[in-house]
Amino acid sequence: MAKIVVNGRFLGLRITGIERYAREVWLRFPKDEARLIEPRRSLSGWRGLLWEQTLLPLKVRKDETLLSLTNLGPISKRRQVLVLHDVAVLDHPEWFSADVRRTYEILLPAIAKRVGVIVTDSEFSRQRILERLELNANRVVRIYPGCSSSFVGHTGNLRKEHYVLAYGADDPRKNFSRLLQAWRSVRREFPGYTLKIFGRPTQLFANTPSDAWIGVEHLGYVPDAELPDLYRKASLVVYPSLYEGFGLPVLEALAS
């Protein structure tokens, strides 16, 4: 009988770094040792939070340990391992919407004090969690993440193409505006090169002068199956983030 239950709220959501991490962890679990509980349909925002806090705990048996992989879990479950990737929302609340700030300010301290163990991605995140949430050091464990095997082991003769690749999201900590300023400064020195940006559209596309987009191609959301080749063909990958618990795209680029 399964003794570990995985919080499957991440399934059905558009894949970013956190969702990719959760999927890869679940794929590697021996299925005779763990089971997955997921909502009947994709639930984002407050609907997903409501399912996680109310319906999910009812489906976990008393002899099972819940594993929550995406920063939050149900407050009512003490027998729980929580993966908390970072505490950026507590360190820099100005980067987040009012709803996100309130959610984490209310839920995260309560959850962190009740769960058995917190797992995080780096020593930086571990130290920030200990300080911000005032926890005993033995309750927070650092386990470095890996990346999907799809990024590793390519043996073909893939030719590099003339583009610089960057991840751009509507998130101030990704430092996207400074990336554009840097590109604007150096693009004339690299004729024939393009700055390719992948990720969901950002408000900067509407608020930045049009001449800043010369030589820039926005790819939008790129499916997982297409990402490895995009990394491999790039002449350079740029990731000028101001704050990261780990920074999975850097690892994916190195693996590629």
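Student: Which side chains meet in a salt bridge with 2.9 Å from N to O, E131 and which other?

Tutor: Let's begin with the idea: side chains of opposite charge can pair when their charged atoms come close. The cut-off here is a side-chain nitrogen of Lys or Arg within 4 Å of a carboxyl oxygen of Asp or Glu. In this structure, E131 meets R128 that way, at 2.9 Å from N to O. Keep in mind that this is a predicted model, where local features need pLDDT of at least 70, side-chain atom pairs count only at pLDDT 80 or more, and totals for chains, interfaces and linings use all residues. Residues are numbered from 1 along each chain as its sequence is written, and side-chain values use heavy atoms, with hydrogens and water left out.

Student: Why are E131 and R128 separated by about one helical turn?

Tutor: Because they are three residues apart in helix 5, residues 123-133. Helices here are DSSP runs of H or I with at least four residues, strands are runs of E with at least two, and both are numbered from the N terminus. Salt bridges that share partners also join D91, R128, E131 and R132 into one network.

Student: Is R128 buried or exposed?

Tutor: Buried means under 20% relative accessible area, exposed means over 50%, and partly exposed is in between (1.4 Å probe, protein chains only). R128 has 17%, so it is buried, while E131 has 54% and counts as exposed.

Student: How many salt bridges are there by this rule?

Tutor: The count comes to 16. Another one is R102 with D99, at 2.6 Å from N to O; they sit three residues apart in helix 4, residues 98-114. Then there is D63 with K3, whose closest N and O atoms are 2.9 Å apart. That pair links distant parts of the chain, 60 residues apart: D63 is in the loop between helix 2 (45-58) and strand 3 (65-68), and K3 is in the segment before strand 1 (4-7).

Student: And rings? How many aromatic pairs does the rule give?

Tutor: A pair of aromatic rings is described by the distance of the centres and the angle of the planes. Rings of Phe, Tyr and Trp (its six-membered ring) pair if their centres lie within 6.5 Å; planes under 30 degrees apart are stacked, over 60 edge-to-face, and the rest tilted. The count here is seven. W26 and F29 have centres 6.4 Å apart and planes at 40°, so that pair is tilted. F190 and Y193 are edge-to-face, with 6.2 Å between centres and 80° between planes. There is also one cluster formed by F151, Y167, F198 and Y231.

Student: What lies over the face of W26?

Tutor: K31, at 4.5 Å from the ring centre. The rule asks for NZ of Lys or CZ of Arg within 6 Å of the ring centre and within 35 degrees of the ring normal. K196 lies over the face of Y163 likewise, at 4.4 Å from the ring centre.

Student: What is the order of the open sheet of four strands?

Tutor: Strands pair if DSSP finds at least two bridges between them. The order is 9-8-7-10, with parallel pairing. Strand 9 (216-220) and strand 10 (236-238) are the edges, each pairing on one side only. Strand 7, residues 163-167, is joined to strand 10 by three bridges, and A166 stands opposite V238 in strand 10.
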